[in-house]
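The following exercises are intended for a reader who is new to this structure. Each task is followed by a solution in steps.

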Amino acid sequence: MTDLRSPSRPDVSIVILNWNTRDLLLECLKAVEANTDGLAVEVLVVDNASTDDSVSCVRRDFPHLRIVVSPTNLGFAAGNNLGARETTGRYILLLNTDAFLRPGALGRLVGLLDSQLRAGLCGARLLNPDGSFQASYTSFPTLTREFLILSGLGRLFFGSHFPSHGPDRAAGPRQVDYVEGACLLVRPEAFWQVGGLDSGFFMYAEEVDLCMALHRAGWSVWY
């Protein structure tokens, strides 16, 4: 298995934010260890004041990993920003504890940012545990679209996948409005140009705001 100790110049710095998800966190770290795709990686766990034994278990099972322990629950945006500030890689992967890397995923994400120099962020295709597809990207919210979602009329007239542009097996990478935040590979200069994730969002919608800020700053967002 891959040694997750920090290399001198990582290709990717992986930030994993945890709050009371010990078992998921350990599985997530095992998946990272098994699926670095030959890239040099550093892994940083940020613990958001968990009350389970997440921190002690990581120190026991992954003693070489860096862990930042926050005395308070900072929320998703501020917690990820805290970890991102400690990274040194060419790219930063913000990875949820319930998102498990699969073979080839990290390499393809890095390859996209390597080839698209104005791409500020790339999101991954997300799968459910049974292998079925999750909604992984969609368009920015509008008043009409939000009305269709909240009223249920969107699903009634446009089907069960509304409002997502459901990912399909055949289509390749593409530019999108925004991607879901479970697995985000960001270009540090773009990320910090827009101030990182807005810590005014404690949880949910942070990725929408980030992608919108990147678009406004002239960067593209890819799925």
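**Exercise 1: Ser-136**

In this predicted model, Ser-136 has 0% relative accessibility and therefore counts as buried.

Task. Determine where Ser-136 lies and which backbone atoms its side chain reaches.

Solution. 
1. Ser-136 belongs to the loop that connects strand 5 (119–123) with strand 6 (137–138).

**Exercise 2: The chain as a whole**

Task. State how many helices and strands the protein chain has, and what share of its residues is buried.

Solution. 
1. The protein chain contains eight helices and nine strands.
2. It has 223 residues, of which 47% count as buried.
3. The accessible surface is about 11,000 Å², and carbon and sulfur atoms account for 55% of it.
4. Among contacts with a separation of 6 or more, 77% are between residues 24 or more positions apart.

**Exercise 3: Strand 5 and its partners**

Task. Identify the sense in which strand 5 pairs with strand 9 and with strand 8.

Solution. 
1. Strand 5 is mostly covered, since five of its five residues are buried.
2. With strand 9, strand 5 pairs in the parallel sense over three bridges; here Cys-122 stands opposite Trp-222.
3. With strand 8, strand 5 runs antiparallel, and three bridges join the two; here Gly-123 stands opposite Leu-184.

**Exercise 4: Trp-219**

Task. Decide whether Trp-219 is buried or exposed, and find the side chain with which its own side chain makes a polar contact.

Solution. 
1. Trp-219 sits in the loop between helix 8 and strand 9 (220–222).
2. Its relative accessible area is 9%; the limit for a buried residue is under 20%, so Trp-219 is buried.
3. Beyond four places in sequence, the residues in contact with Trp-219 include Leu-117, Gly-120, Arg-187, Gln-193 and Leu-214.
4. Of these, Arg-187 is 32 residues away along the chain, and the two C-alpha atoms are separated by 9.9 Å.
5. The side chain of Trp-219 makes a polar contact with the side chain of Gln-193 at 2.9 Å.

**Exercise 5: The nonpolar cores**

Task. Name the residues that touch the most other members of the largest nonpolar core.

Solution. 
1. In soluble globular proteins, nonpolar side chains tend to be buried together.
2. The largest nonpolar core has 36 residues, and those touching the most other members are Val-12, Ile-14, Ile-16, Leu-29, Leu-93, Leu-95 and Leu-106.
3. Elements giving two or more residues to this core include strand 1, helix 1 (22–34), helix 4 (105–115) and strand 5.
4. Apart from this core lies another of 26 residues, among them Val-46, Ala-84, Leu-184 and Leu-210.
5. Val-12, leaving out residues up to four places away in sequence, touches Leu-39, Val-41, Leu-93, Leu-106 and Leu-185, among others.

Methods:
Residues are numbered from 1 along each chain as its sequence is written. This is a predicted model: local features need pLDDT of at least 70, side-chain atom pairs count only at pLDDT 80 or more; totals for chains, interfaces and linings use all residues. Side-chain values use heavy atoms; hydrogens and water are left out. Helices (H or I, at least four residues) and strands (E, at least two) are DSSP runs, numbered from the N terminus. Buried means under 20% relative accessible area, exposed over 50%, partly exposed in between (1.4 Å probe, protein chains only). A polar contact is a pair of N or O atoms within 3.5 Å; within protein, one must be able to donate a hydrogen and the other to accept it, and residues adjacent in sequence count only if both atoms are side-chain atoms. Contact means heavy atoms within 4.5 Å. Accessible areas come from the Shrake-Rupley method with a 1.4 Å probe; for residues, only the protein chains shown count as cover. A nonpolar core is a set of buried Ala, Val, Leu, Ile, Met, Phe, Trp, Tyr and Cys residues joined through side-chain atoms within 4.5 Å. Two strands pair if DSSP finds at least two bridges between them.
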